[in-house]
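My notes are below, in the order I went through them.

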Amino acid sequence: MCEKMEKKAVDPSALGLFGLAMVTLVASSQKLGITEGQAYIIPWAVFLGAIAQLIAGLLDYKKGNVFGATAFCGYGLFWLGMSLSWLMNLGALGEALKGNIDPHQMGFAFIGYLGLTVFLTIGAVETNKVLLIDFLLIDVLFIGLAVSAFTTGATHEAFHMAAAVSEILIAIVSLYGAGANVLNNHFGRTFLPVGKPCGIFVKGGVGH
């Protein structure tokens with residue numbers, strides 16, 4: 001008789017983190033003034049920022065990982081929203097929508113996502129240190145985006161730059177996290193360290 005082999009649940013984190021790394025790398029280049037315009041950010045926002053993270057999130061739901069599923073699906077939907085907002089701002093969806101834009105509404109959206117990210121940051125404390133650093137940087141990103149959406153002049157520029165710097169750092173940390181996840185799973189050992197959980201809320205951390 002052939003024994004049935006239990007299939008190991010695939011960890012989708014590498015795909016989700018790579019998607020986050022790609023979209024933040026491209027988007028931060030525009031915020032930092034290295035590149036111009038928003039048109040070429042949109043494909044990366046849709047396919048990597050949105051679809052890749054949504055796939056990772058849905059796979060995490062299948063595994064019963066509420067933390068990973070909420071994070072990846074939540075941020076995936078964020079990038080879909082941003083893509084649609086950029087299309088409106090560029091006039092691609094018509095002049096009526098372009099002429100009816102209030103940037104303060106984006107500020108409220110950033111505040112909402114900041115709230116979600118704070119909760120996820122608390123969860124990341126007991127996951128690993130790479131993920132914790134990533135979420136702390138995302139906190140800074142949403143603070144920068146929210147404040148810059150409601151202000152003008154020097155304050156706007158300062159918080160916009162804070163958002164830009166945090167975003168490119170998110171890209172670097174997420175790319176490392178994706179690579180570490182792939183190689184650690186591939187070799188079955190810690191090939192690239194991600195740091196142990198802090199052990200503040202749960203002794204030994206939470207496995208995902």
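This is a predicted model: local features need pLDDT of at least 70, side-chain atom pairs count only at pLDDT 80 or more; totals for chains, interfaces and linings use all residues.

**Entry 1: confidence**

The mean pLDDT came out at 94, with 95% of the residues at 70 or more. Then I looked at residues 1-5, where the pLDDT is below 50. Beyond near neighbours in sequence, that stretch makes zero contacts in the model.

**Entry 2: salt bridges**

How many salt bridges does a search of the whole structure find? I got two. Background for myself: side chains of opposite charge can pair when their charged atoms come close.

I took the pair of glutamate 167 and lysine 31, whose closest N and O atoms sit 2.8 Å apart. Glutamate 167 belongs to helix H7 and lysine 31 to helix H1, so this bridge links distant parts of the chain, 136 residues apart. Are the two partners buried or exposed? I find both glutamate 167 and lysine 31 buried.

Next I checked lysine 63 with aspartate 60, where the closest N and O atoms are 3.9 Å apart. That falls inside the 4 Å cut-off for a salt bridge. Why are these two separated by about one helical turn? Because lysine 63 and aspartate 60 lie three residues apart in helix H2, which covers residues 41-63.

I also looked up the cover on each partner. Aspartate 60 has 1% relative accessibility, so I log it as buried. Lysine 63 has a relative accessible area of 33%, so it goes down as partly exposed.

**Entry 3: valine 10**

I found valine 10 in the segment before helix H1, which runs over 13-31. Is valine 10 buried or exposed? Its relative accessibility is 62%, so it counts as exposed. I also took a C-alpha distance from valine 10 to leucine 59 and got 8.1 Å, for two residues 49 apart along the chain.

**Entry 4: a nonpolar patch**

Last, I went over the surface. Which residues make the nonpolar patch of about 680 Å²? I listed Val118, Phe119, Ile122, Ile200, Phe201, Val202 and Val206.

Valine 202 lies in the segment after helix H7 (153-187). Its relative accessible area is 33%, so valine 202 is partly exposed.

Technical notes:
Residues are numbered from 1 along each chain as its sequence is written. Side-chain values use heavy atoms; hydrogens and water are left out. Patches are made of residues with over 30% relative accessible area and no salt bridge: like charges are joined within 9 Å, nonpolar side chains (Val, Leu, Ile, Met, Phe, Trp, Tyr) within 5 Å. Accessible areas come from the Shrake-Rupley method with a 1.4 Å probe; for residues, only the protein chains shown count as cover. A salt bridge is a side-chain nitrogen of Lys or Arg within 4 Å of a carboxyl oxygen of Asp or Glu. Helices (H or I, at least four residues) and strands (E, at least two) are DSSP runs, numbered from the N terminus. Buried means under 20% relative accessible area, exposed over 50%, partly exposed in between (1.4 Å probe, protein chains only). pLDDT is the predictor's confidence in each residue, from 0 to 100. Contact means heavy atoms within 4.5 Å.
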